[in-house]
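Here is a short report on a structure. Keep the model open while you read.

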Amino acid sequence: MNVGIEEPRALYQKRIPIVTRSVKGRFRNFKWGVMVLAYAVYFGLPWLPWTREGVASQAIMFDLGQRRFFIFDLVMYPQNVFWLALLLFIAAIVLFFATTLIGRAFCGYFCFQTLWTDIFVWIEKLVQGERPARIRLQRQPWNKEKILKLGATHTLWVLLSFWTGMTFVLYYGYAPDLLARFFTGHAAYAAYVTVFSLTVSTYAAAGLMREQICAYVCPYGRFQSVMYDPETMAVAYDAKRGDATQGRAAPKGELKIREVRQNKGYGDCIDCGFCVQVCPAGIDIRDGLQYACISCGLCIDACNTIMDSVGYPRGLIRYDSEANLAKPVPAKPRIDWMRPKVLGYSILLSVMTGALIYSIASRTTFEHDVQQIRQPLYVVLSNGDIRNRYQIRLTNKSNKDMRYRITTQGLPHGALDLDEGQAVTVHSGNSVVVQASIKLTPQQVGKYPRFDFVITPLSQPKDKAIEQVNFYSRKNEQ
Amino acid sequence: MSQEKLQSHTVQTTGHAWDGDLQEYNNPIPTWWQYAFYISVLAAVVYWFIYPAWPVGTGFTTGFDTITYVNDKGVKKTTHWNTRALFIKENNEAIAAQKPYFDKVASLPFDQIAKNPELNSFVLSAGKQLFSDNCAACHQQGGAGKMGFAPNLTDDDWLYGGHYANIQQTITNGRHGYMPPFAQVLTDTQMTQLADYVLSLSHNAVNPESAKAGDVLFHSETAACYYCHGVDAKGRQVLGSANLTDSIWLWADVPDAKTIPLKEAAVKNVIRTGLNKGVMPTWKDRLSPEQIKLLTVYVHELGGGK
């Protein structure tokens, strides 16, 4: 009765929880450094004061209501979304550039998934102890100790997740005020929804899902893999040195002496498994480069510690390129800059960064938009004169009230008539529409097919803007 | 026994067999999908209790949720939740948000509204909306009017006056322009002479003899044009009679007529048939005083105000 019945195949492997051992070393220190800096910036920035006129004194504030982003002395408006787009392009190229040179460095050291998972593991270790203690706790039946320790861990996780979500929201308002309103139930509905969803997602991603996010959810981790070249530096196990001809062996008896091992054909790897135990992705780097490897360098630290203790040279697991490792005698690992791809990325990067810096540095303090009124395009007045009208929208992007003078050039004197007079006051962050009339006699009309509006901020005359417009009449139509 | 063992290692079947060995696989939908389905069923049941849901006889179950709004008579009403009430409520909120601006428009004199850039910006945007809804059908979207139909509001010529007070009066109470037909009174030659005279006032190269005869006729008791159009032919704004000396035409399409005879024909046609179609409806019953005031400023701003 087994006709048409196929062998069952599991589509999904049940997750084996990864309990990592802590390790000390160069890469771990670097990771701590990045972490302290990143957390200090993320959690601290909303509380950094900054003097501003008429607006909350906060260094970084994303004011969605008024549609203004304050970043130190830079004020961004929706029109500047171009900068954000350019910044994202630059970030993408930086990612490509770094990946080509040193592999998934972003994943291992800077990604917030890694940073938050790291701190969650640190909390876990703080409460429950080192790896063996945690494994023991996992296996033992539910009792007071287990409930207490697991409860404390998860409580701390939730608190940190909550503060993570809360901090995110604080960027969108004046932090002290928003925090007070949040806890008294007076904050906007969106604030509660955001804090709740970020708390849940942080807790789930850094506490429960961890490496599964990198392996199954994150697209970047996957597509960075295709950017690796043979010359790309990556965390690698030197199999020639570690396995030699006879494979790995524990340093027992005479095998403790390196010369004896080498004569017998055994490699330098003593098969202690430390590199596997410290891996947050749960892989064995000795199997070669794998998609799950986030390139955090902890196995390098682990192996170096062991190599030091047995007295063998460091660097059995190290940053090295596939090309170098394939050589009969690998040279000293070095970053290979001279590749067309790398040079291409760096040119792109400098051009785009230059463009962004130029664009921000040359930003104006005001935005102007001159539009001809097209219904009707021109008006014949009772004495036969022709009048064109223009709407001039002025947006004051500076942090103080400004006055602007509107004049024309290339027109006979007296042709311009402004409803508001020669100068207009616009409050900080506001927009004003001004109507301008230009009147020409039938004899003048043909001579001035176009002219310029000159908009001059009275306090900064050198920032004046010139906008060319057309003058229409019956003559243009025919 | 072997059968059981085999089953546990292979894909499950529904347990039915046809024709001896024809079986059906049992591939249940994913568990998460199933639970999501149950949860949505549950949500639907909760929905029935909160919102209007089931038809019952001629009515329906209203649900427990309520909504409170103020109706057009100013009475506060609480009813079961429905989108109509929600619309009224949100509409009231939008009107309340606009009110401070309308109040400011209502409290300030006309010229100060135009001189205040921020208030003027409001007039331009809100006025445009009001104008589009109520005025643009005749005066066109930008207020340029239509030859032979509705006057151009963007030029500097006003039949009934272009001061704020005149415009407000025109919108509030409407206007009705009238010119009697002269077909029974004047001969064709006389009408040509009158047309030539009128055209000569705005510097058209017409026959000077004919125009001179028209001049006499204009100021005579036969035609008596000067009664309404004035001795200087500049019109009288109290009556809404047109200024015949400027380059602006509403009923006789002189600007688009290429030759003098065509221009004459256009003017003669108006003299012959008269006018009884310059009607502007009254707006005081459809628009509030604040809206009319705002529209007055807007129309004045269109370019023609005095």
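## Around B:L194

Set aside sequence neighbours within four places, and B:L194 is in contact with B:G214, B:L217, B:F218, B:A223 and B:I271. Contact here means that C-beta atoms, placed from the backbone, lie within 7 Å. The model is predicted: local features need pLDDT of at least 70, side-chain atom pairs count only at pLDDT 80 or more, and totals for chains, interfaces and linings use all residues. Residues are numbered from 1 along each chain as its sequence is written, while chains are lettered from A and ligands numbered from 1 in the order in which they are written.

## Nonpolar cores

The largest nonpolar core has 51 residues, and those touching the most other members are A:L394, A:I406, B:L194 and B:V267. Helix α8 (residues 188-201) of chain B supplies the largest share, six residues. Another core lies apart from it, with 33 residues that include A:Y109, A:C111, A:C275 and A:C279.

A nonpolar core is a set of buried Ala, Val, Leu, Ile, Met, Phe, Trp, Tyr and Cys residues joined through C-beta atoms within 7 Å. A residue is buried if 20 or more other C-beta atoms lie within 10 Å of its own, exposed if 12 or fewer, and partly exposed in between. In soluble globular proteins, nonpolar side chains tend to be buried together.

## A sheet in chain A

Four strands of chain A form an open, antiparallel sheet in the order β11-β9-β13-β14. Strands β11 (423-426) and β14 (465-470) of chain A are at the edges with a single partner each, so one side of each has no neighbour in the sheet. From one strand to the next, the twist averages 25°.

Strands β9 (residues 402-409) and β13 (residues 450-457) of chain A run antiparallel and are joined by six bridges. A:T408 has A:F453 in β13(A) as its bridge partner. Strands pair if DSSP finds at least two bridges between them. Helices (H or I, at least four residues) and strands (E, at least two) are DSSP runs, numbered from the N terminus.

A:K447 sits in the loop between α17 (442-445) and β13 of chain A. Is A:K447 buried or exposed? A:K447 is exposed, because 10 other C-beta atoms lie within 10 Å.

## Confidence

Chain A has a mean pLDDT of 90, with 96% of its residues at 70 or more. pLDDT is the predictor's confidence in each residue, from 0 to 100.

Conventions: Axes are lines fitted to C-alpha atoms, for helices over the stretch in contact, and angles run from 0 to 180 degrees between N-to-C directions. Two residues are in contact if their C-beta atoms, placed from the backbone, lie within 7 Å.
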